[in-house]
Amino acid sequence: MSTPAVAATTAALPAGRYRLDATASEVRIEQKTMWGLVNVKGRFATVSGEGEIPAAGGPASGTLTVATASLDTGHAKRDAHLRSADFFDVENHPELTFQVSGAEAAADGSVLVTGSLTVRGVTEPLQFTAAVSDAGQDSVTLTARTTFDRDRFGLGWSKLGMIKGRTTATVTAAFRKQ
């Protein structure tokens with residue numbers, strides 16, 4: 001779909017509640033490790049969410065929730081370590097959440113998303129631009145790529161300084177009207 005058509009479609013989405021279609025959505029992360037020589041990639045298999053476009057106008061809001069134990073990097077031993085208290089501590093923090101306080105469509109078809117990310121009980125503000133990759137009469141799919149400082153969320157374990165830089169998250173979120 002072309003950018004002007006996407007912008008027109010997203011602006012015309014009807015007010016109401018939307019639910020995340022988990023079968024058409026995904027959350028992926030990437031992190032450089034081994035002193036920047038290796039790029040570890042992972043995917044969270046379990047995501048859920050909802051959103052709302054207010055009838056009175058104004059920015060959309062919503063929540064995206066990820067089950068931390070569902071992270072899969074393709075390496076069982078690494079996945080077990082990432083689920084441990086050194087990283088996600090899934091026993092005490094089974095979910096990470098992005099609470100959207102505002103999502104506003106721009107004229108170019110993009111969406112400015114503002115909210116807060118909570119990981120391991122630590123909440124930090126996060127803002128990014130999402131692209132509308134698909135839009136229909138009662139649905140919209142947003143794709144975004146953003147980075148964050150994992151140390152700010154208590155994910156700072158790094159034996160011998162092996163893990164450097166910011167973590168990149170790539171999210172595809174497909175919402176369908178309820």
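Let me start with a word we will need: a residue is buried when its relative accessible area is under 20%, exposed when over 50%, and partly exposed in between, using a 1.4 Å probe and protein chains only. By that rule, Phe44 is buried, at 2%.

A quick note on what you are looking at. This is a predicted model, where local features need pLDDT of at least 70, side-chain atom pairs count only at pLDDT 80 or more, and totals for chains, interfaces and linings use all residues. Residues are numbered from 1 along each chain as its sequence is written, and side-chain values use heavy atoms, leaving out hydrogens and water.

Now, how many aromatic pairs does the structure hold? Two. Rings of Phe, Tyr and Trp (its six-membered ring) pair if their centres lie within 6.5 Å; planes under 30 degrees apart are stacked, over 60 edge-to-face, and the rest tilted.

Phe44 and Phe88 are edge-to-face, with centres 5.8 Å apart and 85° between the planes. They sit 44 residues apart, Phe44 in strand β3 and Phe88 in the loop between α2 and β7. Those labels are DSSP runs numbered from the N terminus: helices (H or I) of at least four residues, strands (E) of at least two. Phe88 is buried too, at 9%.

The other pair is Phe98 with Phe128: the centres are 5.5 Å apart and the planes meet at 40°, so this pair is tilted. Phe98 lies in strand β7 and Phe128 in strand β9, 30 residues apart. Phe98 is buried at 9%, and Phe128 is buried at 15%.

Last stop, Thr168: this residue is in strand β11 and counts as buried, at 13%. Thanks, everyone!
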